[in-house]
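Work through these exercises with the model open beside you. Try each task before you read its solution.

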Amino acid sequence: MSRRIEVNGLSKDFTLHLQGGQQMSILSGIDMQVDAGECVVIHAPSGAGKSTLLRSLYANYRASSGQVNIWHDGAWVDVQSAPARQVLTVRHHTLGFVTQFLRVIPRISTLDLVAEPLINRGVEKQVAHEQAEELLSRLRIPKRLWHIPPATFSGGEQQRVNIARTMICDYPILLLDEPTASLDEANRGTVIDMINAARERGVAVVGIFHDEAVRQALATRIFSIPAAQAVSLVAA
Ligand SMILES: Nc1ncnc2c1ncn2[C@@H]1O[C@H](COP(=O)(O)OP(=O)(O)OP(=O)(O)O)[C@@H](O)[C@H]1O
Ligand SMILES: [Mg+2]
């Protein structure tokens, strides 16, 4: 299977401005490769830097050093050093990211929110809406909620809308930060099936899942943030 992500020597320090500018080292020298058709689960204790690693893969965080090479449109792009415009293109076509919380956009209905990424890709509105309806049904979002904005939805409902909005696009790479954390068993099962189906189609998946049963159901490989990486303060 072909390689999709190649991380070389990734380090991330945070500057604690309220602590006199002291530096905290969260990740240091991370090397990681992910191939098409793999589901790599990042596993480490709370606070070890799992979300920081995922955000660095999405270039939400600028690393202190190292590369995050993403296979995009037949070539490697280091999203850590690429210009912002190119990072946006990579995100648009190649990198899907399910964050732990939905970023609610006021006054936009759930259906429009889920269909939006497809419409942005040039898919006809009616076709995009049909696919959004299919996903929302599959994820058990009741029809009465489709035409209102998800601002007032429960945590689990918002999480499922968030998943639908990403899964509608068939990205070659999926980054998942606890997508099943607030879901009941039936919905957790549905999301597991969706992720496994994506992986079997050749999608490269990197995810964080606290639940052992979910890890068992999804992981083709576990990536531990090395023990030596344990959070340390470094001289400023
Ligand atoms: N923007 C930031 N500024 C300063 N410190 C940060 C920032 N983001 C994360 N951290 C710190 O980095 C450490 C790792 O955070 P991260 O969210 O990556 O942990 P995690 O492994 O995902 O934990 P959890 O399992 O609880 O979600 C934490 O101590 C956190 O306080
Ligand atoms: Mg986290």
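A salt bridge is a side-chain nitrogen of Lys or Arg within 4 Å of a carboxyl oxygen of Asp or Glu. This is a predicted model: local features need pLDDT of at least 70, side-chain atom pairs count only at pLDDT 80 or more, and totals for chains, interfaces and linings use all residues. Residues are numbered from 1 along each chain as its sequence is written, chains are lettered from A and ligands numbered from 1 in the order in which they are written, and side-chain values use heavy atoms, with hydrogens and water left out.

**Exercise 1. Describe the salt bridge of Arg-201 and Asp-170.**

Step 1: find the distance. The closest N and O atoms of Arg-201 and Asp-170 are 2.9 Å apart.

Step 2: Helices (H or I, at least four residues) and strands (E, at least two) are DSSP runs, numbered from the N terminus. Arg-201 sits in the loop between helix H6 (185-200) and strand S8 (204-208). Asp-170 sits in the loop between H5 and strand S7 (173-177). The two are 31 residues apart, so this pair links distant parts of the chain.

Step 3: check exposure. Buried means under 20% relative accessible area, exposed over 50%, and partly exposed in between (1.4 Å probe, protein chains only). Arg-201 has 54%, so Arg-201 is exposed. Asp-170 has 46%, so Asp-170 is partly exposed.

**Exercise 2. How many salt bridges does a search of the whole structure find, and which parts do two of them link?**

Step 1: count. The search finds seven salt bridges.

Step 2: take Arg-3 and Asp-35. Their side chains meet at 2.9 Å, N to O. Arg-3 is in strand S1 (residues 3-16) and Asp-35 in strand S2 (residues 22-35), 32 residues apart. Arg-3 is partly exposed at 34%, while Asp-35 is buried at 17%.

Step 3: take Arg-221 and Glu-38. Their closest N and O atoms are 2.8 Å apart. Arg-221 lies in strand S9 (residues 221-224), and Glu-38 in the loop between S2 and strand S3 (39-43). So the pair ties together parts that are 183 residues apart in sequence. Arg-221 is partly exposed at 31%. Glu-38 is buried at 15%.

Step 4: look for shared partners. Salt bridges that share partners join Arg-3, Glu-6 and Asp-35 into one network.

**Exercise 3. Glu-157 has no salt bridge; what surrounds it?**

Step 1: Glu-157 is found in helix H5 (residues 155-167).

Step 2: look for a charged partner. Lys and Arg count as positive and Asp and Glu as negative; His and the chain ends are not counted. Glu-157 is buried, and the nearest side chain of opposite charge, Arg-160, is 4.8 Å away.

Step 3: look for a polar contact (a pair of N or O atoms within 3.5 Å; within protein, one must be able to donate a hydrogen and the other to accept it, and residues adjacent in sequence count only if both atoms are side-chain atoms). The side chain of Glu-157 reaches the backbone nitrogen of Ser-154 at 2.9 Å.

Step 4: list contacts (heavy atoms within 4.5 Å). Not counting residues up to four places away in sequence, Glu-157 touches Ile-141 and Leu-145.

**Exercise 4. Which residues are around ligand 1?**

Step 1: collect the shell. A residue is near a molecule if one of its heavy atoms lies within 4 Å of it. Among those around ligand 1 are Phe-14, Pro-45, Lys-50, Thr-52 and Tyr-61. Helix H1 (residues 50-57) gives the most to this shell, with three residues.

Step 2: An oxygen atom of ligand 1 is 2.6 Å from an N or O atom in the side chain of Ser-46. A backbone N or O atom of Gly-49 lies 3.0 Å from a ligand 1 oxygen. For the side chain of His-210, the distance from an N or O atom to a ligand 1 oxygen is 3.2 Å.

**Exercise 5. Where do Ala-59 and Glu-178 lie, and what is phi in each?**

Step 1: recall the background. Most residues other than glycine have a negative phi.

Step 2: take Ala-59. Phi is near 60 degrees, a positive value. Ala-59 is in the loop between H1 and strand S4 (65-72).

Step 3: take Glu-178. Phi is near 55 degrees, again positive. Glu-178 is in the loop between S7 and H6. Its relative accessible area is 6%, so Glu-178 is buried.
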